[in-house]
Amino acid sequence: MLSGVDLSYVRSVQNLSLKHLGLTKENPSVACLIVDFNKDVNGKVISFGLTSLNGRPHAEVNALKKISKKIDRRKLTAYISLEPCFKKKLNSCSTLLYKAGIRRIVIDSLDPNPEIYNKGNLFLKKKKIKILIANSASKFKELNKYFYKYKISSQPFITLKLAISQNGYIKDFNSLDITSKKTQQYLHYLRLRHDAIGVGYNTLIDDQPQLTCRLNGINKHLKKLIFIKKNTKSPIQNKNFQFIDYDKNNLKQSLYDKLSKSNIRSLLVEGGLSTFMTFFKAGCYDEIVLAKSKNNVVSSRAKYKINKNLFDGLLERSNNNYGNDKIIVYKKNNV
Ligand SMILES: NC(=O)c1ccc[n+]([C@@H]2O[C@H](COP(=O)([O-])OP(=O)(O)OC[C@H]3O[C@@H](n4cnc5c(N)ncnc54)[C@H](OP(=O)(O)O)[C@@H]3O)[C@@H](O)[C@H]2O)c1
């Protein structure tokens, strides 16, 4: 049974795992805290580790290597946001925790990866290590939803993002941006969490976007995709972008293979409106992020206006004010 102290450490690992979110390649961003209960019932954190940038070493390895050899390990608890990995012939994290003498482990959730699921848990139990599963999990699963979706379904997590004005336009002929600088900062965080970002061909030509993640101190490599119509070639060549042609009428099949070949497990589609509508109508998304300005656009065209009932019936995951804008996240009904 988990105590209140345990639960507060579980919350800490959830928060810590945010630090490397989006920067751990194919691995989820995990955190591990090692807490010493030798002298204090509330425990004392003696070490922590995060999944390394680019995915390896894992959080547990990074945490274990910092504990002193002299410490009595019988009263140490390892708090980890995800079940430690276990592979028979390798020095996996479960084996390392056991060999390090840790006798109590609290994890937030089991690993959704079918190759790993429950294996670390069973191995550690066999070794008579007390292992508890918090299963509060919501935050870690929510943050690492891209990882979970891909591991469970082998399909990429797709987010559609659109910025619209109060009066429903996605384009303003007087300005490149519909929303404020503060909202764009949020949108760069959204880029950070995905493997790839894609826009339609007209957006490439009209806006000449960089499609980079511009956050101070963060170096994120994003794959940059340009979507073009089926069986067409791009009229321009540009080696910074990967041109992907897709079949509007068979979007999922024509796209997923290509994404999978490029090792893309999560994709952020940033418009324009035709591209957004193609993905939307095909149901080819997991979430929609709508950045809604409180200002009207006065100079645009009818083809850039969205139908005001478009999102009726979708589930709102969140709806927050963001400076002068509103960010509404919709999730697909069956996600
Ligand atoms: N508010 C926002 O969040 C946001 C985000 C991104 C972009 N935008 C704005 O959206 C505008 C563009 O939107 P959009 O709906 O027109 O287009 P889009 O979604 O950016 O691109 C899709 C369009 O590209 C054209 N295309 C595709 N393959 C092509 C090929 N091989 N050769 C030539 N053309 C090809 C097609 O246009 P045709 O169907 O006409 O052939 C297709 O409908 C931009 O001006 C940008 O400023 C807004």
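## A lysine in helix α4

K126 is located in helix α4, which spans residues 119–126; helices (H or I, at least four residues) and strands (E, at least two) are DSSP runs, numbered from the N terminus. The model is predicted, so local features need pLDDT of at least 70 and side-chain atom pairs count only at pLDDT 80 or more, while totals for chains, interfaces and linings use all residues. Residues are numbered from 1 along each chain as its sequence is written, and side-chain values use heavy atoms, with hydrogens and water left out.

K126 is exposed, at a relative accessible area of 72%. Buried means under 20% relative accessible area, exposed over 50%, and partly exposed in between (1.4 Å probe, protein chains only). Together with K88, K89 and K127, K126 forms a positive surface patch. Patches consist of residues with over 30% relative accessible area and no salt bridge, like charges being joined within 9 Å and nonpolar side chains (Val, Leu, Ile, Met, Phe, Trp, Tyr) within 5 Å.

## Salt bridges

The whole structure contains 13 salt bridges, each a side-chain nitrogen of Lys or Arg within 4 Å of a carboxyl oxygen of Asp or Glu. In one of them, D286 meets K149 at 2.9 Å, N to O. This pair links distant parts of the chain, 137 residues apart: D286 is in the loop between α10 (273–281) and β11 (287–293), and K149 is in helix α6 (residues 145–153). Both D286 and K149 are buried.

Another salt bridge joins D247 and K230 at 3.8 Å, N to O. D247 occupies the loop between β9 (242–246) and α9 (251–261), whereas K230 occupies the loop between β8 (223–229) and β9, 17 residues apart. D247 counts as buried at 18% relative accessibility, and K230 is partly exposed at 45%.

D245 pairs with K258, with the closest N and O atoms 2.8 Å apart. Because D245 lies in strand β9 and K258 in helix α9, the pair ties together parts that are 13 residues apart in sequence. K258 is partly exposed, at 30% relative accessibility. Salt bridges with shared partners also join E142, K145, E287 and R317 into one network.

## The protein overall

The secondary structure comprises 10 helices and 13 strands. Along the principal axes, the C-alpha atoms fill a box of roughly 70 × 40 × 35 Å. Of the 335 residues, 52% count as buried. Among contacts (heavy atoms within 4.5 Å) between residues at least 6 apart in sequence, 72% join residues at least 24 apart.

Conventions: Areas by Shrake-Rupley, 256 points an atom, 1.4 Å probe, with all protein chains shown as cover. Lys, Arg positive; Asp, Glu negative; His and termini not counted. Charge placed at Lys NZ, Arg CZ, Asp CG, Glu CD.
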